[in-house]
Amino acid sequence: MSCPLPVIETKKAVEATSAEMIEILVDDSVARQNVERFLGSKGYTTTTSDEDSGVSRIKGMLSKKAVNSSISPQKLVVYIDGETVGRGDEQLGKVLMRGFLNTLKELTVLPWRLIFINGGVKVVAGDSQNLPLLKDLEELGVEILSCGTCLDFYHLRENLGAGRISNMFEILTSLSEATQTIKP
């Protein structure tokens, strides 16, 4: 199955069961990573074994903490879909983006995730001047997600300088789980 179907099917399987253990088979390394991350976000600890046929067997065990948890932490998501902040002069917009990213670490509640989509992936790849700021945010525990399709479109997948490659399902899930979303 192509992205994001493995995660969507895993989500359906998780929702259809009350069992604390689930087992998923995938035949692609990206699907494997996406399913493992999804299960982790739902409170599962995973172990994965590779079989001779090129299939990975992902076993997820729901942690006791996840089963008993009813407290939902604040989840601030920053959604960035371009290289600039605002409309108008492009150079000014890039300066504003740098200032915006630099100021994020000063917030009382740090973002849970920064999501980069469409032209926004240029901010986290290649020779972007923003990479040191993004790496500082990562060190503070902020997750940085970049749309894999967007990275491929701009031929930047191999030049990702911060964060990790994500998929549309995880991006939409992050936006739906966010307690607050900021778009510069």
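1. **Basis.** The model is predicted: local features need pLDDT of at least 70, side-chain atom pairs count only at pLDDT 80 or more, and totals for chains, interfaces and linings use all residues. Residues are numbered from 1 along each chain as its sequence is written, and side-chain values use heavy atoms, with hydrogens and water left out.

2. **Main core.** The largest nonpolar core has 30 residues. Leu-101, Leu-114, Phe-116, Leu-134 and Ile-144 have the most contacts inside this core. Six elements each supply at least two of its residues: strands S4 (76–80), S5 (113–116) and S6 (143–147), and helices H4 (90–104), H5 (131–139) and H6 (148–153). The largest share, 4 residues, comes from H5. A nonpolar core here is a set of buried Ala, Val, Leu, Ile, Met, Phe, Trp, Tyr and Cys residues joined through side-chain atoms within 4.5 Å. Buried means under 20% relative accessible area, exposed over 50%, and partly exposed in between (1.4 Å probe, protein chains only). Helices (H or I, at least four residues) and strands (E, at least two) are DSSP runs, numbered from the N terminus.

3. Another core lies apart from the largest one. This core has 13 residues, among them Val-14, Val-35, Leu-39 and Tyr-44. As background, nonpolar side chains tend to be buried together in soluble globular proteins.

4. **Ile-144.** Which residues does Ile-144 contact, leaving aside its neighbours within four places in sequence? The list is Leu-114, Phe-116, Val-124, Leu-134, Glu-138, Ala-162, Gly-163 and Arg-164. Contact means heavy atoms within 4.5 Å.

5. **Thr-10.** This residue is found in helix H1. Thr-10 is buried, with a relative accessible area of 1%. Not counting residues up to four places away in sequence, Thr-10 touches Ile-24, Val-35, Phe-38 and Leu-39. Val-35 and Leu-39 are also among the residues of the 13-residue core.

6. **Salt bridge count.** The model has 19 salt bridges. The rule is a side-chain nitrogen of Lys or Arg within 4 Å of a carboxyl oxygen of Asp or Glu. In general, side chains of opposite charge can pair when their charged atoms come close.

7. **Within a helix.** Lys-12 forms a salt bridge with Glu-9, with the closest N and O atoms 3.5 Å apart. Both lie in helix H1 (residues 5–15), 3 residues apart, about one turn of the helix. Lys-12 is partly exposed at 47% relative accessible area. Glu-9 is partly exposed at 36%.

8. **Between strands S1 and S3.** Arg-57 forms a salt bridge with Glu-23, and the closest N and O atoms are 2.5 Å apart. The pair links distant parts of the chain, with Arg-57 in strand S3 (residues 56–62) and Glu-23 in strand S1 (residues 21–26), 34 residues apart. Arg-57 is partly exposed at 22%. Glu-23 is partly exposed at 36%.

9. **Between strands S6 and S7.** Glu-143 and Arg-164 meet in a salt bridge (3.0 Å, N to O). Glu-143 lies in S6 and Arg-164 in S7 (residues 164–166), so the pair ties together parts 21 residues apart in sequence. Glu-143 is partly exposed, with a relative accessible area of 26%.

10. **Cavity.** How many cavities of 30 Å³ or more does a search of the whole structure find? The search finds 1. The largest cavity has a volume of about 90 Å³. It is lined by 13 residues, with Phe-38, Ser-41, Arg-113, Glu-170 and Thr-173 nearest its centre. Helices H2 (29–41) and H7 (168–177) each supply at least two lining residues. H7 gives the largest share, 5 residues. On a 1 Å grid over the protein atoms alone, a cavity is a set of points where a 1.4 Å probe fits but cannot get out, and a pocket is an open set with protein on both sides within 12 Å along at least five of seven lines; lining residues have an atom within 4 Å of a point. Grid points are joined across faces, edges and corners, and a volume is the space filled by probe spheres set on the points.

11. **Pocket.** The second largest pocket has a volume of about 280 Å³. Its lining has 13 residues, and Glu-83, Lys-94, Ser-128, Gln-129 and Asn-130 lie nearest the centre.
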